[in-house]
Amino acid sequence: MGETAARPLRADAERSVRAILEAAEHVLSTDPGASMEQIATAAGVARTTIHRRFAHRQALIEALASSAARQLVQAVDDGRPDTAPPLVALHRITANVLEVKGAWAFALELPADPDSEAAALHEDIGRRCITVLERARADKLIDEAADLHWVRRVYYALLGESLRGSPDDTGIDTDTLAARIIDTLLHGAGPRA
């Protein structure tokens, strides 16, 4: 993961790492070429603190991607994908994912090394998404002939477009956006029967 410590971090060290990762997200989203020193300044820590935790810039980037992916996994878990009714799970997961993706957009757009923790977490999220869609199909929310891998791609595209937003979307809360995404995914834009 790029952190030098193999054992759990003390609470103050954990706070430092969290501050560094949050600062890295903010700074790098506006200037992808920002230096470690700029990130340290934004985090309110000395540059040596960053170098103590992350051997080099790439280690920081990898830790940032992994941290964001873990938060995305937690967002999916919090939606209770295996136990909540499928429609409820889809809505909760969507609202949770919108929150995380909105806060960690830079980190979640980073191309993950295929052997990285972040790549493995994204792969797991993709499998879990298919499982929720299978449950939705079993509840007759999705046509039995639908290609669930295609449905997942459409769902991801709807999430992406919602995050990019438009001027008309300013101030819309994540629950409303989640409802729009799920409604569009399940019913399309055609007239209601």
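By class, the 13 residues that line the second largest pocket comprise seven nonpolar, three polar and three charged ones, where Ala, Val, Leu, Ile, Met, Phe, Trp, Tyr, Cys and Pro count as nonpolar, Asp, Glu, Lys and Arg as charged, and the others, Gly among them, as polar. The model is predicted, with local features requiring pLDDT of at least 70 and side-chain atom pairs pLDDT 80 or more, while totals for chains, interfaces and linings use all residues. Residues are numbered from 1 along each chain as its sequence is written, and side-chain values use heavy atoms, with hydrogens and water left out.

To find this pocket, select Gln58, Glu62, Ala112, Asp113 and Ser116, which lie nearest its centre. A pocket here is an open set of points on a 1 Å grid over the protein atoms alone, where a 1.4 Å probe fits, with protein on both sides within 12 Å along at least five of seven lines, and lining residues have an atom within 4 Å of a point. The space in the second largest pocket is about 240 Å³, and H4 gives the most to its lining, with five residues; helices are DSSP runs (H or I, at least four residues) numbered from the N terminus.

Next, go to the largest pocket, which holds about 560 Å³ of space. Of its 20 lining residues, select Leu72, Val97, Lys101, Tyr156 and Leu159, the closest to its centre. Helices H4 (57-78), H5 (86-103), H6 (105-109), H7 (117-138) and H8 (148-164) each give two or more residues to this lining, and H8 has the largest share, six residues. The lining divides into 14 nonpolar, two polar and four charged residues.

Tyr155 is buried at a relative accessible area of 5%, whereas Tyr156 is partly exposed at 37% (buried is under 20%, exposed over 50%, partly exposed in between, with a 1.4 Å probe and protein chains only).

Finally, select H7, whose 22 residues reach 32 Å from first C-alpha to last, close to the 32 Å expected at 1.5 Å a residue. Its buried residues include Leu121, Ile125, Cys129 and Leu133, and what covers the buried residues of H7 includes H4, H5, H8 and helix H9 (174-187). Just after H7, Lys140 takes a positive phi of about 65°.

Conventions:
Points joined across faces, edges and corners; volume = space filled by probe spheres on them. Expected span 1.5 Å × (residues − 1). Contact = heavy atoms within 4.5 Å.
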